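Here are my notes on the model you sent over.

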Amino acid sequence: MVTIPKTQKAVVFETNGGPLIYKDIAVPEPKPNEILINVKYSGVCHTDLHAWKGDWPLATKLPLVGGHEGAGVVVKVGSNVTGWELGDYAGIKWLNGSCLSCEFCQTTNEPNCAQADLSGYTHDGSFQQYATADAVQAARIPKGTDLAQIAPILCAGVTVYKALKTANAKPGQWVAVSGAGGGLGSLAIQYAKAMGLRVVAIDGGDEKGEFVKSLGAEAYVDFTKSKDIVADVVAATNGGAHAAINVSVSEKAIAQSVDYVRAVGTVVLVGLPAGAKVVAPVFDAVVKSISIKGSYVGNRADTAEAIDFFTRGLIKCPIKIVTLSELPEVYELMEQGKIVGRYVLDNSK
């Protein structure tokens with residue numbers, strides 16, 4: 001029998017943009033369809049910053065415990081739950097639960113469900129020691145997995161893996177990753193390589209350049225030095241990237257990606273700069289026959305596949321582990337664009 005405490009440590013905010021308070025709160029009780037997970041580690045994503053600030057057109061619950069990259073151990077199962085045992089490793093993803101009966105849930109597009117319940121947004125997330133997740137949507141993590149290393153795979157990894165599937169590029173083709181040195185970008189490079197794609201990485205500075213090449217990027221375009229990013233990407237890829245994965249939060253970078261994909265190429269939108277628009281000249285889009293697609297996290301199969309690439313040793317997530325109580329400092333670094341790779345919180349401290 002697992003002993004579950006009555007209270008736990010969490011980081012909570014009561015107003016959007018208000019103080020991030022590290023304090024004791026009650027341990028939640030799982031509903032009949034949920035599991036309770038003792039969250040050992042939680043990744044920190046740009047979305048968490050938006051949820052705290054409240055600058056997206058979708059309202060958060062308040063007060064809120066953020067976080068949606070939680071990896072831990074099942075300590076309690078709801079009365080209707082089958083297929084989970086105490087002690088199983090489980091992951092909390094952005095999609096905490098969905099209705100499972102609408103047209104989107106029925107056609108593998110459960111992230112697009114109108115009733116979707118979102119971890120760290122509409123459902124208290126992984127910046128606490130114990131969190132609940134819908135048993136159907138919770139990620140299954142193989143026993144023996146390093147929970148700190150896998151935490152970012154649950155959102156960042158799944159998201160870029162699904163984006164690469166959405167790009168429909170074939171092995172040997174070029175994919176441009178814009179924002180390649182960040183949490184999503186560093187994983188996108190590795191998933192692309194594991195899928196047989198060639199990567200041109202776009203980011204700023206020498207440190208990011210060394211970093212992305214160490215992960216397998218064949219070419220690097222430095223926006224702090226390049227006089228013409230579009231021309232440089234076209235030159236590096238011998239005619240333009242077959243696909244572009246936009247994980248940066250730069251509106252200008254998204255517009256450039258429409259220009260540097262080659263004819264019949266695909267631009268995939270992933271990063272969500274607040275209030276941004278995609279600008280695509282209609283004449284070029286038609287004559288080049290390009291596709292512009294949004295890609296939003298992934299479904300249960302995408303999650304299982306993304307985790308499988310990780311457990312086979314093909315994906316290394318460059319992480320820095322800090323304590324749960326240090327979350328406000330991580331947000332500060334994130335706002336300044338100073339993060340290389342991904343921060344992971346140790347929820348025990």
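Predicted model: local features only at pLDDT ≥ 70, side-chain atom pairs only at ≥ 80, totals over all residues.

1. As a reminder, side chains of opposite charge can pair when their charged atoms come close.

2. Have a look at Glu335 and Lys53, whose side chains meet in a salt bridge with an N to O distance of 2.6 Å. The pair links distant parts of the chain: Glu335 sits in helix H11 (residues 327-335) and Lys53 in helix H1 (residues 46-53), 282 residues apart. How exposed are the two partners? Glu335 counts as partly exposed because its relative accessibility is 44%. Lys53 is also partly exposed, given its 35%.

3. Asp206 and Lys225 form another salt bridge, and here the closest N and O atoms are 2.6 Å apart. Buried or exposed? Both Asp206 and Lys225 are exposed.

4. Two further items belong with the charged side chains. Asp308 and Arg312 meet through their side chains in a salt bridge, at 3.1 Å from N to O. Asp308 has a relative accessibility of 37%, so it counts as partly exposed. Then there is a network of salt bridges that links Lys162, Lys165, Asp302 and Glu305.

5. Lys162 turns up again around Ser295, being one of the residues that Ser295 touches. Ser295 is placed in the loop between S16 and helix H10 (300-311). Its relative accessibility is 9%, which means that Ser295 counts as buried. What does the side chain of Ser295 make a polar contact with? The partner is the side chain of Thr166, at 3.4 Å. Leaving out residues up to four places away in sequence, Ser295 touches Lys162, Ala163, Thr166, Val268, Leu269 and Val270.

6. Gln137 is another buried loop residue worth a click. You'll find Gln137 in the loop between strand S9 (130-134) and strand S10 (139-141), and it counts as buried because its relative accessibility is 2%. Which residues is Gln137 in contact with, leaving aside its neighbours within four places in sequence? They are Lys93, Leu95, Asn96, Gly97, Ser98, Leu100, Glu110 and Arg300.

7. On to empty space. Rolling a probe the size of a water molecule over the atoms shows where empty space is left. The structure holds one cavity of 30 Å³ or more, and the largest cavity has about 40 Å³ of space in it. Its lining is made up of Lys93, Trp94, Leu95, Leu154, Cys155, Val158, Thr159, Val297, Gly298 and Thr303. By type, the lining of the largest cavity divides into six nonpolar residues, three polar and one charged. Lys93 and Leu95 in this lining are also among the contacts of Gln137.

8. The second largest pocket deserves a glance as well, with a volume of about 210 Å³. It is lined by 16 residues, and those that lie nearest its centre are Pro28, Lys61, Asp124, Gln128 and Thr132. Which strands each supply at least two residues of the lining? Strand S1 (7-13), strand S2 (21-26) and strand S4 (64-65) each do. The lining of this second largest pocket splits into seven nonpolar, four polar and five charged residues.

9. Helix H8 (residues 251-260) has Ala253, Ile254, Gln256, Ser257, Val258 and Tyr260 as its buried residues. What do they pack against? The answer is strand S11 (174-178), strand S12 (198-203), helix H7 (229-236), strand S14 (241-246), strand S15 (261-269) and strand S16 (291-294).

10. Finally, Glu326. This residue lies in the loop between strand S17 (319-323) and H11. Glu326 is partly exposed because its relative accessible area is 32%. How far apart are Glu326 and Lys213? In sequence they are 113 residues apart, and in space 30 Å apart, C-alpha to C-alpha.

Conventions
Residues numbered from 1 in each chain as written. Heavy atoms only, no water. 1 Å grid on protein atoms, 1.4 Å probe; cavity = no way out; pocket = protein on both sides within 12 Å on 5 of 7 lines; lining within 4 Å. Points joined across faces, edges and corners; volume = space filled by probe spheres on them. Helix = DSSP H or I, 4+ residues; strand = E, 2+ residues; numbered from the N terminus. Nonpolar A, V, L, I, M, F, W, Y, C, P; charged D, E, K, R; others polar. Buried < 20%, exposed > 50% of the residue type's maximum accessible area, 1.4 Å probe, protein only. Contact = heavy atoms within 4.5 Å. Salt bridge = Lys/Arg side-chain N within 4 Å of Asp/Glu carboxyl O. Polar contact = N/O pair within 3.5 Å; in protein donor to acceptor, adjacent residues only side chain to side chain.
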